[in-house]
Amino acid sequence: MGNATSCACSAEGPHSERRSMLHACGSTDEPAPTQPVQRRGDEGEEEIICRSPGVSTKQVDSAEFFKEVSERTALVYIERLPPSNDSRSIASTTDGLSSRQSDISSRMRTKAMSMMQTTGLGVLAMLPGNLDKTRLASFREKLRLAGIDTTRWGIGGAKSIEHLFWEAYEQRGCIFTGIHLLGRLKRVTRLVKIRLVAEIYGVDHVLFSRMQFLHDGRTVERKQVPLRKLQWNSRPDEEFGECTEELYDEVCPYVENWQMGCRKTLEERLGLTQAWQAKHLVEDLEAYRYTTEDDVRSAGYPGLTTLYCIHEVSFRVRDPACAGVQVIGLPEGNEFATAEGDFNFHSQQDDDGLAIGTQLNIWAWGRESCTTPPGSGDGTGTHGSRTSGGSPRPSTISRVSRKGRESRILRDGLPPRRVPQPAMALKVTEKMEERMRQDRLRPPSNMLWASMEGMRTDWPRVKRIAAQILDPKYTLHRFNADLSAFPELNLYLLDDRMDDGAGSELMVNTKMSSGRSIGDEYQRTIGAFFAIYWMMRLDIDGKEGFTNGVDDHWKPLSITDEDDIRVSQADKRINFMKNAQWDFFRTLLMNAGLLEEKKSSSFFKSATKIQVNEQRLESLLALTAIHDIMKMNVLLPVVQKEHEPYRGYVAGDTIGDHDHALSYIMEYYPEMLPSFRELEPEEKRGVQLSQCNFCFNHGWFVQAEAPPGAIFTKFREALIRDHKSQMGQRDVALYFVHWLTDLAGAEPSPLAGCDKFVTKFPLPVLNSFLRSFEFIEKIASHTETEVMEEYLKTRWMENIPWPGPLPTGDAAIARMRLLCMAQMNAPWVLRDWDELVDQDKDVLSLELSRTGCVGQSFSANLVPRDASSRLEGPAFLVYYGPAFLQNMGNDEAVKRLGLLAEIYRSARELWPAEVAKAAVNVTIRIDMIKSLSVSAMHEATAKGDVWLLVKHNETEAFVEQGTKRKLNKMIATSQNFQVLDLACLNAYDA
């Protein structure tokens, strides 16, 4: 996967602004459904934390506190207490913290409240009125004499002159060069950007701030990784003249040490102490980058150019399942918030407002995104990389990892179980390197042409694999040796060959875009092959190999003792072996056409035999060999003129997304891939499908959280757009087989079995995913709503305990969706359905039956007449609806259902039903109340607060808590909202 970080200037363009209340935080393993807008400015670079008045605090043991409040509050905040002579502190917040003792800080104050608030450390926030007026006036005059027009500052999204003064003189986050030279003034700032990676359900995710609430009341939506300005030792008004070489250098004598800045970024931005970092994080040394971006003209300070010097550093969470990392939303990937400075929403309404530098961030874990296609940014301003003399200078300086340091973690003290390199790899890679160093121009990828020139796939050997895969005598060792038939596998070994010093320039350029070494990628690819081998042989030795791996003689291990020292986490392996739904694996292979039933009969009896579709298996093996080669940056292709635009890229662009890059080669230059070019046309289409981005949220489907349109429409559009409806159900099934085997082999220890699924992935989630594949595959030939309806009916009939006969009537679809959403609470939710007043039943029955698809309805006997005869929209996705019904605490289910009906009712007031919007899907986020009890909401109302559903844009609204003063201001500014009427719940009081 590509690097999720973005350059400093690309975080500073035009941005979306609006005034709003805090909408709290929740949990998801996907990015929030808002559309982030990149901005050229520095709002996300300062850190602060907020405090709300009138909230009781107490200093207690954290484990004791969590135990007391975790079941009765919506949010738990951790506030680090400073020394008595320091007025600053830092905090991070999240919901769902465990009751275990946290190791994040030895001295903390904890608060329980439904509105986010803490106090801050790391930035000396200050009200504009408290700035030194004499120095500010002098600074304003210096800018004027330097030719900077500040009349547009502070309006239209631009920052104020007070903000720049504060940044330079109070925060000490920048200096100025050429301040006495007309037209030569330049701001210089040095940044540390952190790419924090964690595996969530087996997939790498990166932490980013998706929404920032600023001190002046604006809300900015964008994806931004944690970053921080390094503090300058020199005063900003010292004479620097023009930019000197020292200001560009990676190590600058005038600024704090950037390595220490990395630790401070995590400490001040996320509240993670250095002790916590040492325990839970490991640096990926190969991913470090230092870049300079010069002469950047940002919208933040119009007319002022900036030199950015950026240290980009990657850290990986050692064990996302460890209780200590729950504070950053792991292991589920929950959203959480950090407020910085004295930020609180009440003060936004005061005449003085909030101090400069205060803001609140909502953090989310998102799958690693690809490199943004060139030209897709905002396009504001220009920038380049130059020396003080005006000559071009390199924009990127690669830092090689220090010898003797190893970033890979050995779990449970056991070394990684890696396969040896093929015997002929040395000679093959030497020839490839020699050709790659030749200076030849062959589009679209010189290096791929050079490395694959003259290479051929050993198809007789590949066919032997397919023919013998079910032979009990065909061993894993033999299978591994036969994999050398695929020449593309040698590409993964180039880095290990070049690490000796020869060809060092090429070594730097052939790093993987995933941030891992190419040697690791070879092991992971072999792990995916081994997953195929074991899944195909489930009835032979595949279950044991998949679960436990093999011994030193490549024989599958049988583990029955939880204290078995031959493997790590033996208890998890025993549980997986016993409780994994192996039949679902086999069904998926059958649906993908990899296994087939062959019936035979004789005079005495008939029998059914499972056999391999050899051609289909050969295609899967070829796909596995090539699917990650484009993670090696040097192989990435350049879009040719005749193919533009290609998925957002224009002619001359290097395709940075490794999936899109491979798709481009397969579509236009298949002859460059020996293992792909000779496949049959039908098989090629199935392989190409694996590179599609379906924008599919599996959790929404499994839990029936979203209407069919929100779940499947983009999936179907991708099938039609990219493959002209030539794909069938078995091709979609092959896509999921590839997804499964790729993830199963994600650990670079193939001989240890499929560790990713066995020891890290929640088994119930895996089983539910496997069960759902059978239905999702049908999207190739059925409508979104047909697929959803069949899944809902099956879930109802298979649910334990059995809820009774399949329902019919107006409420049928609503009840089936509620069963999936509530999970273990389904019996109480279904029982209390009958206690709802008719008005609430009608609302839930109708809204949960809308499809969000043009011309589609659930079966007429399962939904209200209005949902089938008059197709209107938008349909609503209540984000965290499942969590709302699964975390009921002491609430009665009927009250939760009544409140859910009120939320739907209010949403419909904001978005009246229209035929023209039948295909529109709107997200209603209930983050703030998903774990909040009804009684706590009533208590807030009794104190004078109100509960609101606030429309933030045309596709999103949030449930929020606010004061009457805030309500009046929202009315005055004509903001769209609805007050939630909690009095409607009085009908359910005993």
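Reader: OK, helices here are DSSP runs of H or I with at least four residues, strands are runs of E with at least two, and both are numbered from the N terminus. Where's the place of proline 556, then?

Author: Proline 556 is in the loop between helix H15 (538-548) and helix H16 (570-579). Bear in mind that this is a predicted model, where local features need pLDDT of at least 70, side-chain atom pairs count only at pLDDT 80 or more, and totals for chains, interfaces and linings use all residues. Residues are numbered from 1 along each chain as its sequence is written, and side-chain values use heavy atoms, with hydrogens and water left out.

Reader: Got it. What does proline 556 touch?

Author: Leaving out residues up to four places away in sequence, proline 556 touches Asp541, Glu544, Gly545, Gly549 and Val550. Contact means heavy atoms within 4.5 Å.

Reader: How many bridges join S5 to S11?

Author: 12, and S5 runs parallel to S11 (residues 305-317). Leucine 196, for instance, has phenylalanine 315 in S11 as its bridge partner. Two strands pair if DSSP finds at least two bridges between them.

Reader: What about S4, S6 and S8? How does S5 run against those?

Author: S4 (residues 175-177) is antiparallel to S5, with three bridges, and phenylalanine 176 stands opposite arginine 187 in S5. S8 (residues 227-229) is also antiparallel to S5 over three bridges, with valine 192 opposite arginine 228 in S8. S6 (residues 203-214) is joined to S5 by four bridges, antiparallel again, and isoleucine 200 faces valine 203 there.

Reader: Last one: at what angle do H27 and H28 pack?

Author: H27 (residues 784-798) and H28 (residues 812-822) pack at about 65°, with axes 9 Å apart. Axes are lines fitted to C-alpha atoms over the stretch in contact, and angles run from 0 to 180 degrees between N-to-C directions.

Reader: Which residues in H27 meet H28?

Author: Tyr791, Leu792, Lys793, Arg795 and Trp796 in H27 do, and their partners in H28 include Ile813, Met816 and Leu819.
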